[in-house]
Amino acid sequence: MSNEDRLGEPSLFVCPECHGPLWEIEDGDMLRYRCHTGHAFTSEAMLEAQSAETDEILCSLLRAHQQRAAFTRRMADRESESARVDMAAKLQERSRECEADAEVIERILESRRGIVAENGATTKQN
Ligand SMILES: [Zn+2]
């Protein structure tokens, strides 16, 4: 019996911890997941880990857009000071687009927090 046989069936999912492939193990009426490194998850733990990973990515995406909005605004101010009106206007427009994208991401994060609260997370928002 090879190592992989003992791990179960290969799944379509990756390990939320190390992003390696996950094997699916039927354990009575429960499903369990395990990667080569040894990270192991119940179905419930997989849902939680995936949710946490999604939040982390969205927060990182939000920070990137906020940074870009602030940076293009700063560049726009510099162009304005140098009386380069066209370039300043272009940069201001780009900054507004980044802010608008950041707002969309913020709304997604807020709606996800609502879902987490509904599903009985330890802290409730409001
Ligand atoms: Zn892993």
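**Exercise 1. Pairing in the sheet**

Which residue in S3 does Glu26 stand opposite?

*Solution.* The model is predicted.

Step 1. Find Glu26. Its opposite residue in S3 is Leu31.

Step 2. Look at the strands around this pair. S2 and S3 run antiparallel and share 6 bridges. Leu22 is another residue to check: its bridge partner in S3 is Cys35.

Step 3. Pro10 has Trp23 in S2 as its bridge partner.

Step 4. Go on to S4. S3 and S4 are also joined by 3 bridges and run antiparallel. Tyr33 stands opposite Phe41 in S4.

Step 5. The open sheet has 4 strands, arranged S1-S2-S3-S4, with antiparallel pairing. S1 and S4 (40-42) are the edge strands, each pairing on one side only. From one strand to the next, the twist averages 35°.

**Exercise 2. The hairpins**

Which residue takes a positive phi in the hairpin of S1 and S2? Work through the other two hairpins in turn.

*Solution.* 

Step 1. Start with S1 and S2. There are 6 residues between these strands, and His19 has the positive phi, near 65°.

Step 2. Take S2 and S3. This hairpin has 2 residues between the strands, and Gly28 has a positive phi near 65°.

Step 3. Finish with S3 and S4. With 4 residues between the strands, this hairpin has Gly38 at a positive phi near 115°.

**Exercise 3. The zinc site**

Which residues are the protein donors of the zinc ion? Work out the geometry of the site as well.

*Solution.* 

Step 1. List the donor atoms. They are SG of Cys15, SG of Cys18, SG of Cys35 and ND1 of His39. Their distances from the zinc ion are 2.1 to 2.3 Å.

Step 2. Read the spacing in sequence. The donor residues follow the pattern C-x2-C-x16-C-x3-H.

Step 3. Cys15 sits in the loop between S1 (9-14) and S2 (21-27), while Cys35 belongs to S3 (residues 30-35). They are 20 residues apart, and the pair links distant parts of the chain. Cys15 and Cys35 are both buried.

Step 4. Check the angles. The 4 donor atoms give angles of 103 to 118°. Four donors count as tetrahedral if all angles lie between 85 and 135 degrees. The site is therefore tetrahedral. For comparison, the ideal angle for four tetrahedral donors is 109.5 degrees.

**Exercise 4. The aromatic pair**

How many aromatic pairs does a search of the whole structure find? Classify what turns up.

*Solution.* 

Step 1. Count. The search finds 1 aromatic pair.

Step 2. Classify. The ring centres of Phe13 and Tyr33 are 6.1 Å apart, and the planes meet at 85°. Planes over 60 degrees apart count as edge-to-face, so this pair is edge-to-face.

Step 3. Phe13 is in S1 and Tyr33 is in S3, so the pair ties together parts 20 residues apart in sequence.

Step 4. Compare accessibility. Phe13 is partly exposed, at 36% relative accessibility. Tyr33 is buried, at 7%.

**Exercise 5. The helix and the sheet**

Which strands does helix H2 lie across?

*Solution.* 

Step 1. Locate the helix. H2 covers residues 43-81.

Step 2. Name the strands. H2 lies across S1, S2, S3 and S4.

Step 3. Read the angle. H2 runs at about 105° to S4.

Notes
Residues numbered from 1 in each chain as written. Predicted model: local features only at pLDDT ≥ 70, side-chain atom pairs only at ≥ 80, totals over all residues. Heavy atoms only, no water. Donors = N, O, S within 2.8 Å, 3.2 Å for Na, K, Ca; no water. Tetrahedral: all angles 85-135°; square planar, octahedral: opposite > 155°, others 65-115°. Buried < 20%, exposed > 50% of the residue type's maximum accessible area, 1.4 Å probe, protein only. Phe/Tyr/Trp six-rings, centres within 6.5 Å; stacked < 30°, edge-to-face > 60°. Pairing = 2+ DSSP bridges. Axes fitted to C-alpha atoms, helices over the stretch in contact; angles between N-to-C directions. Contact = heavy atoms within 4.5 Å.
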